[in-house]
Amino acid sequence: MNNQNLSLQYKLEKFTARNDYAFKKLFGTYENQDIMIEFISLVTKINKNDFKDVQIENSELYPKFFDDKAGRLDIKILLQDGQKIDIEMQNIYFDYYAKRSIFYWTELLTENFKHGADYSELNKCIAINILNQPFKLTDKLHSLYKILEWEDHSLLDDIFEIHFFDLTKVNDMNMTELEKWLLFIKTEDSEVRTQLAQENPVMAKANEVMNSFYLDDKERERYIAARRYESDRISMIHESERKGLERGIQQGLEQGIQRGLEQGIQRGKQEGFKEGLHQKAIETAKKLLTIGLSMEDIAKVTSLTIEDVKSLT
């Protein structure tokens, strides 16, 4: 297939920076660190000059990129002043995602911190989470969390900072520069990316990187492999949820049947006991009738009704 046909196919096929390989290529490699710097600077308000001599960890793209045991999909960045930044593209949201993000943040904070070291050596850590499904804790596009005093909202320490971006809330009207980048990441439309790229030279470079995937056989294969990997993850999660639901229903039925049996047995015992008491009262009433006790008195003694006592005569 020649490049002209590939370009036509590219325009027709969905292609997105949310893909794990594309995202890491754009924001987690040294050759594209100017793209990463511009985006993170907009998110964190850190001056671009502070990104000189940055270190990028977890920058491997292939083949370990698709092996959970060998590599992570997040991007870790170390600034010259010691600040650490972790950025992650997450296409699947799950209820414990916030806890997971906090856990990753604590790992970022404590890695390489040795026993007996001075706590002043701990540097600010920033986690950036970009979500392609609704972030259930707020209705905002961008949520920023820090450690604040409950009532007066004073900051305990600036060391903790976690961002959540909900791509489902991106609106293409009156966008800020940051929102344009979020739309660039979210969209599957190459024309939208091209239009956004016309206004920003760094974004134009990002668009060239995206376009190059489809024109390079190896890059295209890696993009497709990442897409397959994501589909496998989604399928496994849905399969686990389905099996969990089926198992829950089965257990619920079994527990319901067992509980019904236990309640039936208990009810039977109670009804049998009541029937036994009633029969005993009738026998007592018969004996009292033979000695001439009035029906009213017999009813009081045995707790039977007057009608019950009359029916024995």
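1. Val 301 belongs to helix H9, which spans residues 295-302. In this predicted model, Val 301 counts as exposed because its relative accessibility is 56%, and the cut-off for that class is over 50%. Together with Ile 291 and Leu 293, Val 301 makes a nonpolar surface patch of about 290 Å².

2. Lys 180 is placed in helix H5, residues 177-186. With a relative accessible area of 16%, Lys 180 is buried, since the limit for that class is under 20%. Leaving aside residues up to four places away in sequence, Lys 180 touches Met 175, Leu 196, Glu 199 and Met 203.

3. Lys 180 also takes part in a salt bridge with the side chain of Glu 177, at 3.3 Å from N to O. Both residues lie in helix H5 and are three residues apart, about one turn of the helix. While Lys 180 is buried at 16% relative accessibility, Glu 177 is partly exposed at 37%.

4. The structure holds 19 salt bridges in total. One of them joins the side chains of Glu 111 and Lys 76, with an N to O distance of 2.8 Å. Glu 111 sits in the loop between H4 and E4 and Lys 76 in strand E2 (residues 75-78), so this pair ties together parts of the chain that are 35 residues apart in sequence. Glu 111 is partly exposed, at a relative accessible area of 22%, whereas Lys 76 is buried at 11%.

5. A further salt bridge is formed by Glu 161 and Lys 146, whose closest N and O atoms are 3.7 Å apart. Here strand E6 (residues 160-166), which holds Glu 161, is linked to the loop between strand E5 (142-145) and E6, which holds Lys 146; the two residues are 15 apart, and the pair connects distant parts of the chain. Glu 161 is buried, with 3% relative accessibility, and Lys 146 is partly exposed, with 31%.

6. Salt bridges also link Lys 25, Glu 31, Glu 219 and Arg 222 in a network.

7. The largest cavity contains about 60 Å³ of space. Its lining is made by Asp 86, Glu 88, Ser 101, Tyr 104, Trp 105, Leu 108, Ala 127, Ile 128 and Asn 129. Strand E3 (84-90), helix H4 (97-110) and strand E4 (125-131) are the elements that each give two or more residues to this lining. Helix H4 supplies the largest share, four residues.

How values were computed: Residues numbered from 1 in each chain as written. Predicted model: local features only at pLDDT ≥ 70, side-chain atom pairs only at ≥ 80, totals over all residues. Heavy atoms only, no water. Patch = residues over 30% accessible without salt bridge, like charges linked within 9 Å, V, L, I, M, F, W, Y side chains within 5 Å. Areas by Shrake-Rupley, 256 points an atom, 1.4 Å probe, with all protein chains shown as cover. Salt bridge = Lys/Arg side-chain N within 4 Å of Asp/Glu carboxyl O. Buried < 20%, exposed > 50% of the residue type's maximum accessible area, 1.4 Å probe, protein only. Contact = heavy atoms within 4.5 Å. 1 Å grid on protein atoms, 1.4 Å probe; cavity = no way out; pocket = protein on both sides within 12 Å on 5 of 7 lines; lining within 4 Å. Points joined across faces, edges and corners; volume = space filled by probe spheres on them.
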